[in-house]
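Please read the following walk through a protein and its ligand with the sequence and the coordinates side by side.

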Amino acid sequence: MGLFTRSNNGTATVTPSPAAGSSTPIVDPPAAMAAAMPAPAAPRPVPAAVPPQQTERQIYLQQLKVRLHQQLVERLDMQNMRSLPPEVVRAEVRALIRELCLNEKNLINQSEQEKLMDDVMDETFGLGPLETLLKDPTITDILVNKYDRIYCEKRGRLEAVDVRFRDNAHLRQIIDRIVALVGRRVDEISPMVDARLTDGSRVNAIIPPLALDGPAMSIRRFGAKPMQLEDLIRHGAFPPAVMDFLSSAVQARVNILISGGTGSGKTTLLNCLSRYVPTDERVITIEDAAELQLQQPHVVRLETRPPNIEGKGEVTQRDLVKNCLRMRPDRIIIGEVRGGEALDMLQAMNTGHEGSMTTIHANNTRDALGRLEVMIAMAGYDIPMRALRQQVASAIQVIVQAQRLPGGKRKVTRVSEITGMEGEQIQMHDLFHFEQHGVNSEGHAQGHFVCSGIRPRVAERIENRGIRLPMDLFQRRTIEG
Ligand SMILES: Nc1ncnc2c1ncn2[C@@H]1O[C@H](COP(=O)(O)OP(=O)(O)O)[C@@H](O)[C@H]1O
Ligand SMILES: [Mg+2]
């Protein structure tokens, strides 16, 4: 590992580091600036296939469904239909299907009848074609690129699914229904909208003219039961040693920054770690779009608000951080630090709100610090670099890097500890990291975790709080992963 220093002409030079395993400073400002520009998204696996073409039979059934729905509307009157008890509508649909079967030349078999029945009910009471996907708990993301191009993420893999809307108008109808549930609307004036499903899933919809090929929608689902650190270990995200360290660090009120690309598992990890906050501590969460599911009783959740159509009424994360300091929190959890709130957050971490946590979009633990600096600089603060870094170095003790590796597996690829400043530079060392050797026959990344053998400075703080760490926790070794 080389040290970056700045020469007088402003170019960064690399000098050999004094000794392997010693503290290393972060990159210099221009490099940090470049690193802080939008980081590339985590690699996504190539979708399995494009959605298959509809067969003649499917098209026929689709048309039948439209006719059924129309007749249903005529009989029950649209206004009333959704307020009627589902059993009444179901009985009516059954009667209609029976009539249809008598009139159709093409016979509809029993399973097709059942499917028609379910589809019409989903159309009437639910979210149409999405209902089938929402019933599958293994689906974590539903991505509607176009009315007939739907992809789902299942167990870390993105695949095309054989579910479609009839046309753009149908998709739009369902989007309208979703956003109406949260009292919003989507139209030419506000063609982008965030909403939430009743199960808490987060929805973003965007329509023409911004979306070029018709309405598009992305749904991020939340499982009924939030993942726990043990689940992450089972998924191979990190070995038990990392869990022991991180969970004790949270209990001992260590400030933690979780860094990673989009979809790398930052929020999931933050959620899991929050479980180790003692229940008698008051936690305030601040998010742009609430997705944390803390299980503590003493939690107040805050969410930002976008400006309205006239551009008024915006409430930013920074506003919320400032406000939350007046709410007497013990700890502050910011879903993802993105801008002006970074300095307020660091100050809070430095002044009595130890044990605060947040996530940041960065490709490695070193860049994460660079990005924090840039966020503060871009928010217009004029603070000398050294003072700013001092603030960062004293506020944050541990940085965890999350990564989505080839094949879709999420792992914690590095846990670093900030040890202080040396001159202008923030010093940090790695406690754990993942070394990838390649990929297996299924395309999944393979490798092992390395425990660097360094005893972290926070170990003393942890033990001073009466939390016992396993004797060999920081012993130098490799662990299969
Ligand atoms: N270790 C893991 N193993 C399997 N799936 C995971 C893991 N961590 C996160 N996920 C899943 O990956 C998706 C993205 O995770 P999330 O925490 O929202 O990422 P980020 O906050 O970095 O964008 C979610 O569907 C989540 O359930
Ligand atoms: Mg997130």
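Two strands are said to pair if DSSP finds at least two bridges between them, where strands (E, at least two residues) and helices (H or I, at least four residues) are DSSP runs numbered from the N terminus. This is a predicted model, in which local features need pLDDT of at least 70 and side-chain atom pairs count only at pLDDT 80 or more, while totals for chains, interfaces and linings use all residues. Residues are numbered from 1 along each chain as its sequence is written, and chains are lettered from A and ligands numbered from 1 in the order in which they are written.

Strand β5 (residues 149-154) and strand β6 (residues 157-160) run antiparallel and are joined by four bridges, with Cys152 standing opposite Glu159 in β6. Two residues lie between the strands of this hairpin, in which Arg155 takes a positive phi near 45°. Strand β5 is also joined, by six bridges and again antiparallel, to strand β4 (residues 139-146), where Val144 stands opposite Ile150 in β5.

These strands belong to an open sheet of six strands with antiparallel pairing, ordered β6-β5-β4-β9-β8-β7. Its edge strands, each pairing on one side only, are β6 and β7 (192-196). Across β4, β7, β8 (202-206) and β9 (216-220) lies helix α7 (residues 168-181), which runs at about 60° to β7; such angles run from 0 to 180 degrees between N-to-C directions, with axes fitted to C-alpha atoms, for helices over the stretch in contact, and contact requires C-beta atoms, placed from the backbone, within 7 Å.

In the protein as a whole there are 15 helices and 19 strands, and 35% of the 481 residues count as buried, a term that applies if 20 or more other C-beta atoms lie within 10 Å of a residue's own, these atoms being placed from the backbone. Helix α9 (residues 240-251) has buried residues including Ala241, Met243, Phe245 and Leu246. Just after α9, Arg253 takes a positive phi of about 60°.

What, finally, surrounds ligand 1? There are 14 residues around ligand 1, the closest being Thr140, Gly265, Lys266, Thr267 and Thr268. Helix α10 (residues 266-274) gives the most to this shell, with three residues. The shell divides into two nonpolar, 10 polar and two charged residues, where Ala, Val, Leu, Ile, Met, Phe, Trp, Tyr, Cys and Pro count as nonpolar, Asp, Glu, Lys and Arg as charged, and the others, Gly among them, as polar.

Definitions and conventions: A residue is near a molecule or strand if its C-beta atom, placed from the backbone, lies within 6 Å of it. A residue is buried if 20 or more other C-beta atoms lie within 10 Å of its own, exposed if 12 or fewer, and partly exposed in between; C-beta atoms are placed from the backbone. Two residues are in contact if their C-beta atoms, placed from the backbone, lie within 7 Å.
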